[in-house]
Amino acid sequence: MTGFHNLLSRQLKKHGLDAGDRSPQERAFLDAVDAAYRMADEERALLERSLDLTSQEMLRDLDALRRVKESLSESQRFLESAQEVASIGSWSTPLGPGGGLLMSKECRRILGLAPEEPLSFESFVDLVHPDDRKSYLLSREAAIRGETAYSLQYRIKRPDGAVRWVRSEADVVRDEAGAALKLIGIIQDVTERRELEEKLCQAQKMEAVGRLAGGIAHDFNNILTAMKGYTFFLMAAVEKDGSLYRDVQEIENAAERATALTRQLLAFSRKQVLKPAVLDLNAVVAGLDSMMRLLIRADIELVTTLQPGLGRIMADPGQVAQVVINLIVNGRDAMPDGGRLVIETADVPAGAGPLGSPSVMLSVADEGVGMESAVLSRIFEPFFTTKEQGKGTGMGLSTVYGIVSQSGGHISAESVPGRGTRFIIHLPRLAGAEEPASLPAQPAARDMRGSETVFVVEDEAGVREMLSRTLRGQGYDVLEASGGEEALLRCEAHRGPIHAVVTDIIMPGMNGSALAERIKELKPEVRVLYMSGYTDDVIGRHGVLEPGTPFLQKPFTPRALGEKLRELLAGAPA
C-alpha cells in the first residue's frame, strides 16, 4: 500500500496541500486506508499463490485422470481380447419393463449382431432356436424366482442362419426385500465342445456296441461250427436225390447266411482275423472296376480319379475290396434316379488328415438323397438302416467301419439332404517304396485222411464233440480236453507222441496261445492249429493274425478242418 500512500500525497500536493497541513484525523484516516490496502495486497499475493498451487494440483489431477483413462482403456482392450480368446461375452439386463439389453463386443460377435445394433430381451429371445425357446424361458424364469441357478445351454440361430450352441450363466441382483432387479451374466460359444462331446459319446457307444456284437458273433460262430459239422454228417448219411437231402441243404444254406452275418458283426467289432499285405490302393480299385460296373445301374456314371504314384498301405486285400464294394452299393442305393458316383484316391501329408501321420485317402461320393444330421450320426451302427424292411440288413457301413478301424484307419462321412453323401477313409501310408505283395494262389484240394494223434481242446462241448467225431472219421487218433488245465494233465499222462493240437484261442482260465507254449515244453515236436470265433490281442496286436500262424476262422466245415490239418502235418504253408 506504500505506493497508494505516495500517490495520495502527490495528489494533495498538486492541490496545494502539504502533509503538515493535515489534521490528525486525516492522517489517521490515511494510515488506516494505507493499512487496509497493505492487507489487501497481502491477501492478493496469498490468493495468487493459492491459485498457482491450485492450478498445479489441477494439472496433476488432470494428468492422473488421463493416466486412469488410459489404464481403463487398456483394461477394456485386455478384457475384450480375453473374451474373444475364450469366446465369452458379458451382458446385463434390468428386469423391469422397458429395459434394454447391454452386451459386450464379444457377446454381439457370438450372436452375429452388429456392434451398435439395439437389442431388447424380446429381440434376443427371437435369436434362441425355436426348438429350445420354451425350455430357455422356463429355465430363466425358474432362476429369477430363485428355484435354480442361472446356468443354461441352448442353441441360437444367428441372423446369417448359422446355428451355434451357447452356455449362459448369470447372477440375479436383488433388493433388500429379495425382489429381482437385474441379471448380470456371461455367454459362451460352446459349439466345438458340444461337437467333441457328441463325437466322444458316439465313439463310446460304437465301442460298446462293437464289444456286444463281437461277443454275440463269437457265440454264434461256435453254434454255427457245430451246425455245419452235423449238417455235413447228415448230408453224407442221406440219399442225395431224396427230399431229406434237400431239407438238409436248406439248413446248410441258412447256416451260410448266418455265417455271412456273423462275419459282418466281427468286422464291425474289429475282432476278425486280418491277413495284411502291402497294397497299392489304386490297383485294388482298378481291379474291382468290372465288378463295380456290374453292381451299378445304367443310369449311374462311375468316375475314378486316382492319384498317380500313390503311397502303399498295409491292409488285408479282401477286406479293402469289401470296403470299396460296400460303399459302391451304398452310393448306388442312395441314387434311385441315377447320377455320378466318384471314387478318388490321394496321398495326405502328415498333419493334414485325421491320423496325424502320412496317410492314403480313399473317398466315395454320390449325388443321391443325402442324410439329415440325426441319421448321419448313426450310419455306422450295426442293424441301423433307412431302407424299407427286407431291403437292407444295416450291416454294410458298420462292416466298413470295423475293417477301417481294425486296419488302423479313420472313416468319416459328409452329407447334405438332397445333395449327396461322401465317405472319406484314411489309411496309414507306409514309409519307403515297398512293392505290393502278390495274392497267394488257391491251394489244390488235399487228401483229408490221416493217422496221427491230434489233441482237440475246446470249451464248447457241442463243438468239441463235432471236431473229435470229424477227425476220428478221417482216421486220426483223437484226445479231448475242455480247457487248458485239463489238457496239460492229459498231455503229461499220454505216453505216446502228440502230432498236433487243435485249440480254441479264447477259453476260460488259460488261452490257447499259453496252452500251446506249455504243451510244446512237454512235446517239442507238436504242431498247433488255432481256431476261434474271433481273435483278440491274445494272438496278435489288435486282432491281426501274425504271418504264418496256422488258423481256422469259425465257423468252418469238416472238410476245411481236414484240409488245414493235413497242410499243417505235411509241413505245407498253412
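Predicted model: local features only at pLDDT ≥ 70, side-chain atom pairs only at ≥ 80, totals over all residues.
**A guided reading of the structure**

Helix α12, residues 396-406, is largely enclosed by the rest of the structure, because 9 of its 11 residues are buried. The buried residues of α12 are Leu397, Ser398, Thr399, Val400, Tyr401, Gly402, Ile403, Val404 and Gln406. Just beyond the helix, glycine 408 adopts a positive phi of about 80°. As background, most residues other than glycine have a negative phi.

The setting of this helix may now be described. The protein contains 16 helices and 17 strands. Of its 574 residues, 41% are buried. The accessible surface of the protein amounts to about 31500 Å², and carbon and sulfur atoms account for 55% of that area. When contacts between residues at least 6 apart in sequence are considered, 66% of them join residues at least 24 apart.

Leu212, Ile216, Phe220, Ile223, Met227 and Ile251 together make a nonpolar surface patch of about 530 Å². Helix α6, which spans residues 191-237, supplies the largest share of this patch, with 5 residues. Isoleucine 251, by contrast, lies in helix α7, residues 243-269. Isoleucine 251 has a relative accessible area of 40%; because this value falls between the limits of 20% for buried and 50% for exposed, the residue is classed as partly exposed.

The aromatic residues come next. A pair of aromatic rings is described by the distance of the centres and the angle of the planes. The protein has 7 aromatic pairs when centres within 6.5 Å are counted. In the pair formed by phenylalanine 232 and phenylalanine 233, the ring centres are 6.3 Å apart and the planes meet at 70°, so the arrangement is edge-to-face; the cut-off for that class is an angle over 60 degrees. Phenylalanine 232 is partly exposed, at 34% relative accessibility, whereas phenylalanine 233 is buried, with a relative accessible area of 14%. Ring pairs also link Phe124, Tyr136 and Tyr154 into a cluster.

Phenylalanine 233 takes part in a further arrangement: the charged end of arginine 469 sits over its ring, 4.0 Å from the centre. Tryptophan 165 has a charged group placed over its ring as well, namely the end of arginine 194, at 3.6 Å from the ring centre.

Glutamate 525 is located in the loop between α15 (512-522) and β16 (527-532). Its relative accessible area of 45% makes glutamate 525 partly exposed. Which residues does glutamate 525 contact, leaving aside its neighbours within four places in sequence? They are Pro497, Ile498 and His499. The C-alpha atoms of glutamate 525 and alanine 500 are 8.6 Å apart in space, while the two residues are 25 apart in sequence.

Lysine 554 and proline 555 are joined by a cis peptide bond, with omega at about -5°. For context, most peptide bonds are trans.

Terms used
Residues numbered from 1 in each chain as written. Heavy atoms only, no water. Patch = residues over 30% accessible without salt bridge, like charges linked within 9 Å, V, L, I, M, F, W, Y side chains within 5 Å. Areas by Shrake-Rupley, 256 points an atom, 1.4 Å probe, with all protein chains shown as cover. Salt bridge = Lys/Arg side-chain N within 4 Å of Asp/Glu carboxyl O. Helix = DSSP H or I, 4+ residues; strand = E, 2+ residues; numbered from the N terminus. Buried < 20%, exposed > 50% of the residue type's maximum accessible area, 1.4 Å probe, protein only. Phe/Tyr/Trp six-rings, centres within 6.5 Å; stacked < 30°, edge-to-face > 60°. Lys NZ or Arg CZ within 6 Å of the ring centre and 35° of its normal. Contact = heavy atoms within 4.5 Å.
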